[in-house]
Amino acid sequence: MRKMVLTCAISGAETTREHNPNLPITASELADAATEARDAGASILHLHVRDKAGNPTQDVEVFREAIEAIRAKTDIIIEVTTGGAVGMPLKERLQPLQLKPEMASLDCGTTNFGNDYIVNTLPMMRQAAKEMKKQGIRPTLECFDISHIDASKILIKEGLIEPPFHYGLVLGVPAGVNYDADTLAFFVNRLPTDSYWTVIAIGGKASLYANYGAIALNGYIRQGFEDNVYYSKGVLATSNAQLIERSANIARDGGFEIATPDEVRKLFKLKKP
Ligand code: ZN
């Protein structure tokens with residue numbers, strides 16, 4: 001039976017309690033949300049952390065506290081962000097890699113982000129890839145544009161990224177490429193052969209539709225408050241786990257079994273901490 005890999009992005013950098021009062025912020029809230037998401041079917045946790053004022057930070061100690069709290073409660077795979085938040089310099093963004101998480105996101109190009117933009121030049125991408133390779137961390141190659149997929153192939157050719165490749169296809173960021181099934185298929189067809197990929201669709205409608213896109217095209221699914229805070233139009237999700245549970249049900253109905261973290265560790269050849 002085919003296995004579905006579900007990632008939960010429980011908080012992100014830009015989502016606030018004004019968007020959804022159920023947003024987890026502290027280490028213990030993140031650990032609870034991660035455990036609930038794992039119980040609902042998530043095998044990977046995409047992790048951002050906040051400082052005491054609730055602002056996004058890439059501080060190692062804040063990540064360490066969150067990771068320890070999460071690992072004490074659940075066996076979910078932790079993927080730290082190196083995207084950080086809008087405007088952070090690369091050195092700051094890469095700080096949590098020192099903690100040797102099993103996975104980390106690696107942005108594969110510059111992109112609009114609403115009124116802002118996130119810069120990822122090729123030299124910056126090389127630096128991030130080198131650091132991940134050195135620490136034995138599996139990157140999720142986040143592509144917001146077709147050009148980002150082509151740029152990732154440069155890193156692969158240079159030996160900075162080794163198989164198995166896992167892509168995160170990010171669609172629906174305001175002022176970026178919008179989500180629709182045709183566009184997702186176009187992205188998927190551009191990937192190196194034998195790549196794994198997860199669709200990351202931003203906003204309520206795209207995030208819901210992407211469940212079906214992933215099933216149709218044999219990919220994986222990411223859900224969570226980083227990408228979308230709604231369960232349905234105008235109705236806030238009560239938790240990250242609620243969104244994961246729906247994706248797990250859709251996947252099961254589509255003929256998939258839900259992969260466990262240990263199954264994903266084997267699939268992606270992760271170094272278990
Ligand atoms: Zn993120």
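Pro192 is a buried residue, with a relative accessible area of 17%; here buried means under 20% relative accessible area, exposed over 50%, and partly exposed in between, as computed with a 1.4 Å probe on protein chains only. The model is predicted, so local features need pLDDT of at least 70 and side-chain atom pairs count only at pLDDT 80 or more, while totals for chains, interfaces and linings use all residues. Residues are numbered from 1 along each chain as its sequence is written, and side-chain values use heavy atoms, with hydrogens and water left out.

Pro192 sits in the loop between α6 and β12 (196-201). Such elements are DSSP runs, numbered from the N terminus: helices are runs of H or I with at least four residues, and strands are runs of E with at least two. Leaving aside neighbours within four places in sequence, Pro192 is in contact with Lys153, Ile156, Phe165 and Tyr167, where contact means heavy atoms within 4.5 Å. Asp150 stands 42 residues from Pro192 along the chain, and the C-alpha atoms of the two are separated by 9.4 Å.

Another proline, Pro164, lies in the loop between α5 and β11. The peptide bond that leads from Pro163 to Pro164 is cis, with omega near 0 degrees. Strand β11 covers residues 166-171 and includes His166. This histidine, His166, counts as buried at 2% relative accessibility. Its side chain makes a polar contact of 2.8 Å with the side chain of Thr198. A polar contact is a pair of N or O atoms within 3.5 Å; within protein, one must be able to donate a hydrogen and the other to accept it, and residues adjacent in sequence count only if both atoms are side-chain atoms. Not counting residues up to four places away in sequence, the residues that His166 touches include Met103, Pro139, Tyr196 and Phe268. In the loop between β11 and α6 (181-190) is Ala175, which has a positive phi of about 75 degrees although it is not a glycine.

Attention now turns to a helix. Helix α4 (residues 122-135) has 14 residues and reaches 20 Å from its first C-alpha to its last, close to the 20 Å expected at 1.5 Å a residue; the expected span is 1.5 Å times one less than the number of residues. Which residues of α4 are buried? They are Met124, Met125, Ala128, Ala129, Met132 and Gln135. Seen down the axis of α4, these buried residues fall within an arc of 135 degrees, so they line one face of the helix. The arc is that of the directions from the helix axis to the C-beta atoms. An α-helix has 3.6 residues a turn, so residues three or four places apart point the same way. The buried residues of α4 pack against α3 (90-93), β7 (103-107), β10 (138-143) and α5 (146-157). On the face of α4 turned away from the buried side are the exposed residues Pro123, Lys130 and Lys134. Just after α4 comes Gly136, with a positive phi of about 70 degrees.

The model also holds a zinc ion, coordinated by His46 (NE2), His48 (NE2), Glu226 (OE) and Glu226 (OE), at 2.1 to 2.7 Å. Donors are N, O and S atoms within 2.8 Å of the metal (3.2 Å for Na, K and Ca); water is not among the atoms, so sites may look incomplete. In sequence, the donor residues follow the spacing H-x1-H-x177-E. His46 is buried, with a relative accessible area of 1%, and His48 counts as buried at 5%. The angles among the four donor atoms run from 52 to 127 degrees, and the site is irregular. Four donors count as tetrahedral if all angles lie between 85 and 135 degrees; four count as square planar and six as octahedral if opposite donors are over 155 degrees apart and all others between 65 and 115; anything else is irregular.

Ser43 lies in the loop between α1 (27-40) and β3 (44-47). At 0% relative accessibility, Ser43 counts as buried, and among the residues it touches, not counting those up to four places away in sequence, are Val5, Ile76, Thr260 and Val264. Asp262 belongs to helix α9 and counts as partly exposed at 40% relative accessibility. The side chains of Asp262 and Arg265 are joined by a polar contact of 2.9 Å. In the segment after α9 (261-267) is Lys269, which counts as exposed at 60% relative accessibility.
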